[in-house]
Amino acid sequence: MAQDYYTILTNAGLAYEAQQKAQNRPITLVAMAIGDGNGAAYSPDPAATTLRREVHRQPINSLLQDANNPTWLVAEAWLADDVGGWTIREVGIYTDTGVLYAIAKYPESIKPLLASGSGKQFYVRTIFQTSNVASVVLQVDNSVVMATRAFVVDYVRDELAKLDSKQSVRVATTANIALTGLQTIDGVPLAAGDRVLVKDQAAGKDNGIYVAVGGVWARATDADTAAKLTPELSVGVEQGTVNGDSLWMLTTDAPITLGVTALVFEVAGGRPLATKAWAQAYTSSALAALGLGLGNDIRQAALNGSNPPKDYYGKGERWGFVDGGPNGLLIPNLAANSYGCLRVSSQYSDESGVISVTREFTTMGRVFLSSGVSGTQWTPWRELANVAHVSDALSSAKQYADSVGSTTAQSANAYADGVGTSAKQYADGAAGGVLQSAKTYTDAALPVGSIILWPSSSPPASNYLRMNGAAISRTTYAKLFAVIGTAYGAGDGVSTFNLPDARGEFPRFWSDGSPVDSGRGIGSKQLDALQTHNHGLPTGSGNGPSAASRWGLPDNMWIDNGAGGSNANPDTNAYANTWESNAGGPNEVGRFNSTETRPRNIALMGLIKFQ
């Protein structure tokens, strides 16, 4: 099928091309002409030297070789919205000598002017073929050239690739690998397209950032040239048993020749710095070099306890992950493989010229410090903090209670917070209570089985039961059962036991070996009783008022012992009636006619503690 729209080289263009080739000069294209075909479309003529009717001419914005067809050239121009008022039907490409090099039949396209009420920015693109692509150049005026979207995208991508900070990789290697195929690295099965930091190759020149594929791997586009592999570039690792969530840095100095220079990556931050497994993967010498990144003087000084360096001016602060025990910093009371973070910092005094150096080691919640100045010995390591036992001079009351469990310097709240119990629980467990409120201490200090009197018909919500003789579970109330057993009743003899029944009763202390009220057991009951006694009164001798006058008793208070009735004239057989109720006399004893003998009293509820 014949093409409707196309571009051809003109005869004049071919002649110009031959001439430039013969003179070993480049083919220089400078301008693009726009025409309306004199009002009608037409098929271009190779003999043409001009467009049929040119309406606009401007510099070519870009001239590119087609990515898929190496003999094709693509010329582009951008028409602004203040250019137009015509229909585009023909396009011409002109050389630096004014020769119409190529002419194109263009699809009819209206290009309006903004003043007409409609504006349009227009992108004109033509493709033509030449056998001498390598000789074609574009002579441009940068003030008028407008970049294409593809050019901008490529340019920005290339510039970003030159930055030190790289797009993260999925995994990082832990050993030398074959740079081919989809494999498992650091515990992560790779998928096609995954980015991989390769840092452990036997040949260091092969290290770098790669993209995993089923075949042979290629370097990632942001790390495939020396310009993109800059010293100190950093890359994060997303996953992996050892290297996941870590940050790595290229420590190789410039100049770097890709495929020749050995690339060395070192960890700069993240999880590996805090894992013992990571540190143990390195030898002690590698730890020293990798952990501190300092000169030999300070590294050895920090590790073997010798003098601080004399030439540490300007070094600032460095840190690393090392062993604090016998194989590393020689800190007393630390076992071998006590890995932690060592920070070494320096401070220079302009006045004295003295450089002071401090080394601080942190491991498993413990902090150690040692210091010195240039030319002197390090001070001995001393422990500043230990979360397992923090000095009271460095902690609040709560922190002190957390660490030593003392009660002498804390409020009840602080101590309870520190040992993880409420004040009540503390009183239960420690038999304390000096610092508890009366209620809290009473609740906590009374043992199971304690009996209290309660001034309400409703007992407390918990811990206490009514002393009503009820049968209760031996399992649910096991603590109370262990104290009172079946002393107050065996319940059903299997699964229950009885509470004491204190309703309407007076308590009495157990004799416990005393002769008073002896012979009774705990929980036994007594009925009411009166001690044996009499109320004997001496009577007068003879009858008559003389006897009544002698005792000050009226006649009607005497009863004849023989007749049993009132005796107005008492004789030797009479006795005093001290038991009569409501006699109305001065010796009336009417409160003694009840069904029981009792003292004055107040009714309270008896409760027993069960937990």
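Phenylalanine 497 is buried, with a relative accessible area of 0%; buried means under 20%, exposed over 50% and partly exposed in between, with a 1.4 Å probe and protein chains only. The model is predicted, local features need pLDDT of at least 70, side-chain atom pairs count only at pLDDT 80 or more, and totals for chains, interfaces and linings use all residues. Residues are numbered from 1 along each chain as its sequence is written, and side-chain values use heavy atoms, with hydrogens and water left out.

The partner of phenylalanine 497 is phenylalanine 481, in a tilted aromatic pair with 5.0 Å between centres and 55° between planes. Rings of Phe, Tyr and Trp (its six-membered ring) pair if their centres lie within 6.5 Å; planes under 30 degrees apart are stacked, over 60 edge-to-face, and the rest tilted. Phenylalanine 481 is partly exposed at 24% relative accessibility. The pair links helix H10 (residues 478–484), which holds phenylalanine 481, to strand E27 (residues 496–498), which holds phenylalanine 497, across 16 residues. Helices (H or I, at least four residues) and strands (E, at least two) are DSSP runs, numbered from the N terminus.

The whole structure has four aromatic pairs. One of them is edge-to-face because the rings of tyrosine 101 and phenylalanine 128 have planes at 75°, with centres 5.9 Å apart. Tyrosine 101 is in strand E7 (residues 100–111) and phenylalanine 128 in strand E8 (residues 122–129), so this pair ties together parts 27 residues apart in sequence. Tyrosine 101 is buried at 0% relative accessibility, and phenylalanine 128 is buried at 2%.

Charges also sit over rings (NZ of Lys or CZ of Arg within 6 Å of the ring centre and within 35 degrees of the ring normal). Arginine 52 lies over the face of tyrosine 42, 4.0 Å from the ring centre. Lysine 199 has its charged end over the ring of tryptophan 248, at 4.5 Å from the centre.

## Leucine 100

Leucine 100 belongs to strand E7 and is buried, at 1% relative accessible area. Beyond neighbours within four places in sequence, the contacts of leucine 100 include Thr10, Ala48, Leu51 and Ile93; contact means heavy atoms within 4.5 Å.
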